[in-house]
Amino acid sequence: MSSNLESFWHSINTDIAGEKLAARIVFPEINNLLMCALDSKGQRHFLIPLSQTDKGYEDVLSRGVQVTTRELTIFDRDSELYIDLKCLEPRGYDIFNSIGEEICSALILRQLEPVSVIKEVLAKWRNFWGQLPAHILTREKQIGLFSELWFLNFWLYPLTGSKAVHSWRGPWGSRHDFEFPNKSIEVKGSTNVQSRTFHVNGIEQLESPENGDLFFFGLMLREEQGSSNSLPTLIDDIRTKLEKTDSESEIFEDGLVRAGYSDFDKEEYARMKLRIHEENLYIINDQFPRIIRSSFKEDLSGGIEKINYKINLNTFDHLIIANQPDKIPKDW
């Protein structure tokens with residue numbers, strides 16, 4: 001509905017001045033519980049009418065959105081009380097549209113009081129308003145995040161459902177991207193489809209966990225404009241799967257923020273289309289090429305802070321335990 005709602009804003013007559021608002025009911029064929037409105041400065045508002053028994057609500061502390069309760073006269077009707085949500089951040093229009101849609105859906109389907117609905121929806125989206133990334137993710141980080149989310153969505157979710165998001169630990173600074181009580185998985189992506197080469201950051205990244213085995217997921221990608229895969233489409237797919245599980249949805253959104261992703265830059269991220277060339281899940285054992293602390297007979301000299309290196313897995317097919325999700329061993 002977001003794209004439809006976006007075009008709806010442009011259909012509102014903006015020939016207004018002063019404190020007036022130009023408003024239209026968003027979904028008149030469904031109900032009149034939500035209105036879009038523009039003020040004389042072009043700022044966007046959502047208006048929710050209140051009944052005589054409904055409570056008002058004020059929130060002026062959230063970055064990006066301001067909530068007030070005000071008395072308005074709209075459509076030549078008698079003056080009524082409305083909760084007014086005003087978008088303060090133009091870069092947040094997509095998020096603001098999603099907030100309006102969620103509020104409308106909750107009011108219709110769950111029949112809760114407007115204040116309860118607004119508090120709940122704003123709490124869900126607060127991370128996006130309050131923790132905007134300073135810069136867009138680099139190409140390398142976009143590929144890294146895409147690879148992690150691909151593994152989460154297509155490999156882990158079919159095995160454990162929404163609980164899979166609890167194992168995603170990379171954005172929280174854990175040593176491995178995914179961690180379980182009995183195993184961990186390190187995920188790498190590469191756009192070099194000629195060779196299974198991947199960059200490893202540091203000598204601890206491929207260190208085995210204290211309990212269980214360590215696995216390596218290598219995703220080989222090709223940039224191809226004809227592909228339907230992009231970082232935003234992958235994220236939307238995961239959100240759809242998690243939308244009925246509030247706690248897992250919150251963890252996922254928090255992870256995106258910690259990873260530096262924001263929907264404010266969705267259009268920019270959507271420019272990079274990726275086709276899956278190959279995906280393999282490896283077991284890491286003594287035969288797997290890696291540099292770890294035990295690779296050195298003596299401790300590293302002082303002053304060495306980090307070791308980055310590249311591995312080539314072209315000749316390590318014998319360590320592949322699955323090359324597609326449905327081939328994962330049952331006891332994995």
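Helix α4 has a kink to look at: the bend is about 30° and sits at L152, where a bend is the angle between axes fitted to the seven residues ending at a position and the seven starting there. Keep in mind that this is a predicted model, with local features needing pLDDT of at least 70, side-chain atom pairs counting only at pLDDT 80 or more, and totals for chains, interfaces and linings using all residues. Residues are numbered from 1 along each chain as its sequence is written, and side-chain values use heavy atoms, leaving out hydrogens and water.

Helices (H or I, at least four residues) and strands (E, at least two) are DSSP runs, numbered from the N terminus. Helix α4 covers residues 139–160, and its end C-alpha atoms are 30 Å apart; that agrees with the 32 Å its 22 residues should span at 1.5 Å a residue, the expected span being 1.5 Å times one less than the number of residues. After α4 comes G161, with a positive phi near 70°.

Now the sheet. It is open, with 5 strands in the order β6-β7-β9-β10-β12 and mixed pairing; two strands pair if DSSP finds at least two bridges between them. The edges belong to β6 (178–180) and β12 (320–322), each with a single partner strand, so one side of each has no neighbour in the sheet. On average, neighbouring strands are turned by 30° against each other, direction ignored.

Contact means heavy atoms within 4.5 Å; axes are lines fitted to C-alpha atoms, for helices over the stretch in contact, and angles run from 0 to 180 degrees between N-to-C directions.

Helix α2 (residues 93–109) has 17 residues and reaches 24 Å from first C-alpha to last, close to the 24 Å expected. Its buried residues include I95, F96, I99, I103 and L107, buried meaning under 20% relative accessible area, exposed over 50% and partly exposed in between (1.4 Å probe, protein chains only). Q111, which follows α2, has a positive phi near 55°.

C104 is also among the buried residues of α2, with a relative accessible area of 2%. What about disulfides? Taking one as a pair of cysteine sulfur atoms within 2.5 Å, the count is 0. For C36, the nearest cysteine sulfur is that of C104, 9.7 Å away. C36 counts as buried because its relative accessibility is 0%.
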